[in-house]
Amino acid sequence: MEKAKLNRRESSVSRVVKTKDEELFLQAFKDIFEKQQFFSAVPEKEKSPLLQELIKNINDYMGEFIVQYGTTPVDIKDKHIHFVDRSKATESMKEEIDGARARGVQATFFPQRQGVIIWEGYEEDEKLELATGLVHEMFHFNSFHAYEKSEDLADKRPVDAEICIQTEGVEKDILLRGRRSGLKVFAKEKDIYFKILDEAVIEELTIRFSEEYFPQIDILSKELEKENQQTRDLSLEVRRKFISRYAYDHERESLHDLIDDVYEKNKDSFESREDVFNVFAKAVLGDRLLPLARLIEKTYGKGSFRGLGKKTVDSARESLAK
Ligand SMILES: [Zn+2]
């Protein structure tokens, strides 16, 4: 039986608010998504057929996987993934590349550019690690994104998008300020609330995806077999801690503690810890922040959701790290 064709989002951006021209701006993001013009200055390595196949496989399976979290997937093709070639970079680009590498960032999704940069070169025998990194960034790509129109053009942050649109026959540059990317809420003063929580949820999704679909991706089978041999006697929980290609250990541990606690205090409303995790995942991928806010406030009292946002803040004054 042929599979039903999935509905796909036209870019990662679902909402542009504080404007009557939302449709125009969404169209502009679609254009950025398709043309990838904001990466024209990035010198790129050519992708091998294997790599192209890997990206295609992940995109296909991810479309299938994320509908359970209440969102419409984005159709990510290999043109959306930019592998940097440092040897061909300009001096300023080299600085940017070295900066990312020095911070230990291997890849970054840029919502304002609608694409991913892979900063570090990957070896052909490290496909499993590359695939894991790709999945992580592709979950960011598939997260809920919202912008708001700003009259104030000053103080542009790295997450903001400058968009040129035509209204009443006149071309105009407009600043769209990032509001949300997944769980991340961009505050005016450049702090990013919930950033750490967002990364933890994204990596937990990456782990679930990798456990379910990597065994079906032929290119990964050899490395996966080796890893399985090393981890076959471990319980699922220990395995997830042991496997080094999974990132954000500490952040994930904090998330687990939070989920355990929320579950213990709301056992009447949830059948399992995974059901609690799903509330977080839906807040990241779909426009479902309110149910999570309500759950946190119900568990810890009024104002606690805001408090959680502050506790998991991360300032990104110079970049949108990993
Ligand atoms: Zn990330």
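1. Axes here are lines fitted to C-alpha atoms, for helices over the stretch in contact, and angles run from 0 to 180 degrees between N-to-C directions; helices (H or I, at least four residues) and strands (E, at least two) are DSSP runs, numbered from the N terminus. This is a predicted model, in which local features need pLDDT of at least 70 and side-chain atom pairs count only at pLDDT 80 or more, whereas totals for chains, interfaces and linings use all residues. Residues are numbered from 1 along each chain as its sequence is written.

2. Helix α5 (residues 195-213) and helix α9 (residues 273-285) have axes that come within 10 Å and cross at roughly 105°, and the two helices are therefore roughly perpendicular to each other (65 to 115 degrees by the convention used).

3. On the α5 side the contact (C-beta atoms, placed from the backbone, within 7 Å) involves Asp 198, Val 201, Ile 202, Glu 204 and Leu 205, and on the α9 side Phe 277, Phe 280, Ala 281 and Val 284. Of these residues, seven are nonpolar, none is polar and two are charged, where Asp, Glu, Lys and Arg count as charged, Ala, Val, Leu, Ile, Met, Phe, Trp, Tyr, Cys and Pro as nonpolar, and the others, Gly among them, as polar.

4. An open sheet of three strands has the order β2-β4-β3 with mixed pairing, two strands being paired if DSSP finds at least two bridges between them. Because β2 (81-83) and β3 (107-110) are edge strands with a single partner strand each, one side of each has no neighbour in the sheet. The twist from one strand to the next averages 20°.

5. Strand β4 (residues 115-118) pairs with β3 in the antiparallel sense over four bridges, and Val 116 in β4 stands opposite Phe 109. Helix α4 (residues 127-141) lies across β2, β3 and β4, and runs at about 15° to β3.

Definitions and conventions
Angles under 35 degrees count as roughly parallel, over 145 as roughly antiparallel, 65 to 115 as roughly perpendicular and the rest as oblique. Two residues are in contact if their C-beta atoms, placed from the backbone, lie within 7 Å.
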